[in-house]
Amino acid sequence: MSSSTVITNIATLVTNDPSLGDGSPLGLIQDAAVVIDGDRVAWTGESSKAPATDNQVDAGGRAVLPGFVDSHSHLVFAGDRTREFNARMSGRSYTAGGIRTTVAATRAATDAELEANLTHYLAEALRQGTTTFETKSGYGLTVEDESRALRIAARHTDEVTYLGAHIVSPDYADDPAAYVALVTGEMLDACAPHARWIDVFCEKGAFDGDQARAILTAGKAKGLHPRIHANQLSYGPGVQLAVELDAASADHCTHLTDDDVDALANSRTVATLLPGAEFSTRAEWPDARRLLDAGVTVALSTDCNPGSSFTSSVAFCIALAVRDMRMTPDEAVWSATAGGAAALRRTDIGRLTPGARADLTLLDAPSHVHLAYRPGVPLVSGVWRGGVRVV
């Protein structure tokens, strides 16, 4: 039988339900409590009105918010690209293979090595408050290596994405059309049973709009739902294609036309922004303010990967979003929780209301605003996932 636990003496509780508390999108309740029964939230409200439970935890006047929902990561990989990063940050020219370097290392790794690497970074993220994560394949680019990446990932999350279309495999450098045929044929057949999502890097030098449409359409026919790397490095068709195919998320969204913004605002497609990538490459920041003011649903995610955004810290991305993408602290926290849930088309996470999964993060601070106010400080002091305290 499940037992119930009340967390009391919460200075600020973020529920992400505007019908609660102060009526803001965060649904903030001051001097609050939350009741966990089994793996679900059973009650939220003022601490003085909390019902009796089997167990009690005193939050000590600190803030509680939903566990972070990291809806974009690339964690099934091997190898290291430290020298590439150091050269780029030092302004030195370098010859590096980029994604291809990671592909070679990933292909050479054993299943055990890949899984050990994955679980290492998942534990790192959990300690920083991430309770739900999506992760992709994309560093194998062969039928066997892509399918094994997804099999490994599926042992640790339900949010698994087939990204055979990360780049054209080096094995098909002279025949991209044949690689698209592989990605939409034999590789898809092998990978679809292990994934929920299909993704494609729609960008110059990767896959054009027609190729991306063919890949995502083939995935939909196999029961996979689309998401897309869109408009990261240049203007292009990615966002419009995402809306056309009802993709759950268009990710990066750095170079957008007015039509792109309007299309997102009038669709269910979430714009997932990944400020760790801009930080790590000194690239142009996405204009989050423009998207939010237009009514677009925005998510924040880490894009954790060994090449362009090697961070597992959603809190760091919140601070970047506030400082450099002109989001308010409230908007950034919502986007890293409820926004991430929307990007995964989930209603059971990213909020703390009755019936939601009991995924909570306790901060060593009186307010969620400290995530941006105190950048780089390890503020997470407790994490519950599925009603169980894991940190």
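The model is predicted: local features require pLDDT of at least 70 and side-chain atom pairs count only at pLDDT 80 or more, whereas totals for chains, interfaces and linings use all residues. Residues are numbered from 1 along each chain as its sequence is written, and side-chain values use heavy atoms, with hydrogens and water left out.

The chain contains 14 helices and 17 strands, where helices (H or I, at least four residues) and strands (E, at least two) are DSSP runs numbered from the N terminus. Its C-alpha trace spans about 70 × 45 × 45 Å along the principal axes. The radius of gyration of the chain is 21 Å, in agreement with the value near 21 Å for a compact globule of 391 residues; this radius is taken over C-alpha atoms, and the globule rule is 2.2 Å times the number of residues to the power 0.38. Of the 391 residues, 56% are buried, a class defined by a relative accessible area under 20%, with exposed meaning over 50% and partly exposed in between (1.4 Å probe, protein chains only).

Among contacts (heavy atoms within 4.5 Å) with a separation of 6 or more, 69% join residues 24 or more positions apart. The accessible surface of the chain comes to about 15100 Å², and carbon and sulfur atoms contribute 50% of this area; accessible areas come from the Shrake-Rupley method with a 1.4 Å probe, and for residues only the protein chains shown count as cover.

His368 lies in the loop between β15 (360–363) and α14 (370–373). With a relative accessibility of 3%, His368 is classed as buried. Its side chain forms a polar contact with the side chain of Asp330 at 2.7 Å. A polar contact is a pair of N or O atoms within 3.5 Å; within protein, one must be able to donate a hydrogen and the other to accept it, and residues adjacent in sequence count only if both atoms are side-chain atoms. Beyond residues up to four places away in sequence, His368 touches Asp330 and also Thr12, Val14, Leu26, Leu28, Ala63, Val333 and Leu363.

Asp70 belongs to strand β5 (residues 68–70) and is buried at 5% relative accessibility. The side chain of Asp70 makes a polar contact of 2.7 Å with the side chain of Thr302. Apart from neighbours within four places in sequence, the contacts of Asp70 include Thr130, Thr132, Phe133, Glu134, Ser301, Asp303 and Val314. Asp70 and Glu146, 76 residues apart in sequence, are separated by 21 Å from C-alpha to C-alpha.

Leu256 is located in the loop between β12 (249–252) and α9 (258–265), where it is buried with a relative accessibility of 6%. Setting aside neighbours within four places in sequence, Leu256 contacts Asn231, Tyr235, Val239, Val261, Leu264, Arg290 and Leu291. The C-alpha atoms of Leu256 and Gly340 are 21 Å apart, at a sequence separation of 84 residues.

Backbone geometry is considered next. Most residues other than glycine have a negative phi. Arg282, although not a glycine, has a positive phi of about 55°; Arg282 is placed in the loop between α10 (275–281) and α11 (288–293) and is exposed, with a relative accessible area of 59%. Arg345 likewise is not a glycine and has a positive phi of about 55°. The loop between α13 (329–343) and β15 holds Arg345, which is partly exposed at 24% relative accessibility.
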